[in-house]
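Have the sequence and the model open as you read.

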Amino acid sequence: METSSIPTVDVSPTPWTGRFDGDGTDHRRWWQAVAPLTSSASATASRPAVVLGFCSDAGVLRNKGRVGAAAAPAAIRSALGPLAFHLDRDVFDAGDVVVEDDSLESGQERAGRAISGLLDAGNLTVVLGGGHETAFASYLGVAGSEAVRGKRLGVLNLDAHFDLRDEPTPSSGTPFLQMAHAEAAAGRELKYAVVGISEPNNTRALFDTADRLGVKYLPDELCTPEAVEIFVADFLAGVDVLYLTIDLDVMPASVAPGVSAPAAYGVPLPVISAVCRQVAASGKLLHLDVAELNPEFDIDHRTAKVAARLVNTLLV
């Protein structure tokens, strides 16, 4: 791995931990398989995945939500560590970008530069948020990468919310409208789809904005396995590369209690997992992130374990 592909981060990667069953490949768990991303790191022929933490509460705080998501990257790593490692790709940890106080925009820019560099080096990038302001950091990285030049980019959001708020100050509720504005400024149209929209938790103004922007969406009450598979397949058919973002509040509160806005209804975990398998099998996945885990409100690390399982599914 070339030194030029090593991103500048605020906190360098630290060793992972987990259950020990032996040193052989048949006993490997994630904590034994993940290596720090350094200038001397080398990968096999398979496309490596690189994990980057985005430790941020600023967007949730601005959006008047329950803060605590800045601790999520560590919690997801902790939940991934003990999992058995069945991947055919190398996985590296690049460390964390940390948003101090209210310095959200500069943190998003730093994360974006790191993501662009990792993508340009041929990696599959995995960002662990953070509130859903993580999404705009991801977009900056994807849009700034040579990997999307001349290709149709799609953004698929698994979420109970559109996050299309039209507000003067960016927050965890504004990232996809920010993306739409940025794409329009570049002479493009944002290809954006959402699985799991909760009608009672999105105002008429947000639905109007979604309709005006041509956003494709599937309400949570219509998210049967068959309907979701068709919806995702149709969206994938119209794009060349995909950025997948998972807001953990898309799932029921019983499955994902540790989020800023727990869902009263939600999309069942098997349906969300099936989307992850479908996206991974498409060969179009360029970048993914997981957002809105709030360890302070989690129960028995339930939400962190769900996030880890979904990341594992996406990388198989």
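Nine strands make up an open sheet with parallel pairing, in the order β1-β3-β2-β4-β9-β8-β5-β6-β7. The edges belong to β1 (35-36) and β7 (216-219), each with a single partner strand, so one side of each has no neighbour in the sheet. Strands here are DSSP runs of E, at least two residues, and helices are runs of H or I, at least four residues, both numbered from the N terminus. Two strands count as paired if DSSP finds at least two bridges between them.

This is a predicted model: local features need pLDDT of at least 70, side-chain atom pairs count only at pLDDT 80 or more, and totals for chains, interfaces and linings use all residues. Residues are numbered from 1 along each chain as its sequence is written, and side-chain values use heavy atoms, with hydrogens and water left out.

| Strands | Bridges | Facing residues |
|---|---|---|
| β2 (49-55) and β3 (91-98) | six, parallel | F54 and V97 |
| β2 and β4 (124-129) | six, parallel | L52 and V127 |
| β8 (241-247) and β9 (285-291) | six, parallel | L244 and L288 |

Helix α4 (residues 104-120) packs on the sheet, touching β2, β3, β4 and β9 (contact: heavy atoms within 4.5 Å). The direction of α4 makes about 175 degrees with that of β2; axes are lines fitted to C-alpha atoms, for helices over the stretch in contact, and angles run from 0 to 180 degrees between N-to-C directions. Helix α8 (residues 225-237) lies across β5, β6, β7 and β8, at about 170 degrees to β6.
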